[in-house]
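Trainee: Could we walk through the sheet in this one together? I'd like to hear how you reason from strand to strand.

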Amino acid sequence: VGVSGNAGGDAVPDLHGKETEHRDARWSEHELLLDAPILVLPTALRACAVSTEGRVVAYYTTPEKAPVEPQHKVDVRFGEVARLTGYSLGQREVRVGEHLDLTLYWEALVPFDQNFQVFTHLFDGEIIGQHDGAPECGVMPTTRWEPGQIIVDPHPIAVNADAPAGSAQLLIGMYNLVTLQRLTESTTGRDAIYLTDVIVGE
């Protein structure tokens with residue numbers, strides 16, 4: 001962390017490991033100083049950015065430390081290319097304007113030759129919350145998947161500010177980034193998979 005100064009007047013390290021002097025003796029009375037810390041994050045961190053009411057919020061995760069076993073196991077095959085092995089939920093109740101933390105666990109069955117997006121919807125007759133994006137916050141597109149690989153894929157689902165209170169279905173699926181055509185589940189032909197119900201509060 002690099003800072004422009006500190007209250008005690010001591011030397012503080014900058015980003016290059018050197019020390020800089022910014023003692024309070026140099027401050028004038030009533031002077032306003034801009035203190036802009038710079039945070040250097042480990043490269044292992046992954047960010048999912050979502051927008052709420054004009055604000056962009058970044059959610060950071062560490063996939064290599066994420067639980068290998070999901071909270072809820074499923075076995076849903078999308079054709080012969082991918083299998084959803086389970087999911088985890090941060091909470092089952094969420095308020096309007098908040099985010100539902102969903103993590104999907106995918107297994108690659110064969111190499112992908114095209115990129116597919118993952119969609120996650122809260123649905124009560126219409127979509128009242130969603131998060132779409134390439135797997136693992138955009139850093140693991142499907143063309144990078146290798147057969148047998150498990151992909152831990154977090155999705156912060158933004159609940160619409162005008163979403164009505166009540167129960168909503170949590171639906172997920174995958175679609176081609178270019179054609180927007182969805183992959184279908186192998187046995188039923190469904191292109192949106194129901195996971196569970198979520199309670200939306202006011």
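Predicted model: local features only at pLDDT ≥ 70, side-chain atom pairs only at ≥ 80, totals over all residues.

Mentor: Residues are numbered from 1 along each chain as its sequence is written, and side-chain values use heavy atoms, with hydrogens and water left out.

Trainee: What is the strand order in the open sheet of 9 strands?

Mentor: Strands here are DSSP runs of E, at least two residues, numbered from the N terminus. Two of them pair if DSSP finds at least two bridges between them. The pairing in this sheet is mixed, and the order reads β5-β6-β8-β11-β10-β9-β12-β13-β7.

Trainee: Which strands stand at the edges?

Mentor: Look for strands with a single partner, because one side of each is then left without a neighbour in the sheet. That picks out β5 (72–78) and β7 (93–95).

Trainee: By how much are neighbouring strands turned against each other on average?

Mentor: Axes are lines fitted to C-alpha atoms, and angles run from 0 to 180 degrees between N-to-C directions. Here, though, direction is ignored, and the average comes to 30°.

Trainee: Which residue in β8 stands opposite Gly86?

Mentor: Start with the pairing: β6 (residues 82–89) and β8 (residues 99–108) are antiparallel over 7 bridges. Ser88 sits opposite Thr103 in β8. For Gly86, the residue opposite is Tyr105.

Trainee: And how many bridges join β8 to β11?

Mentor: β11 covers residues 150–159 and runs antiparallel to β8. One of the pairs is His99 with Ala158 in β11. The bridges joining β8 to β11 number 9.

Trainee: Is His131 buried or exposed?

Mentor: His131 lies in β10 (residues 127–133), and its side chain makes a polar contact of 2.9 Å with that of His155. Such a contact is a pair of N or O atoms within 3.5 Å; within protein, one must be able to donate a hydrogen and the other to accept it, and residues adjacent in sequence count only if both atoms are side-chain atoms. Buried means under 20% relative accessible area, exposed over 50%, partly exposed in between (1.4 Å probe, protein chains only). At 11%, His131 is buried.

Trainee: Which residue in β12 is the bridge partner of Thr120?

Mentor: β9 (residues 116–123) pairs with β12 in the antiparallel sense over 8 bridges. β12 (residues 166–176) is mostly covered, with 8 of its 11 residues buried. The partner of Thr120 is Ile172.

Terms used. Helix = DSSP H or I, 4+ residues; strand = E, 2+ residues; numbered from the N terminus.
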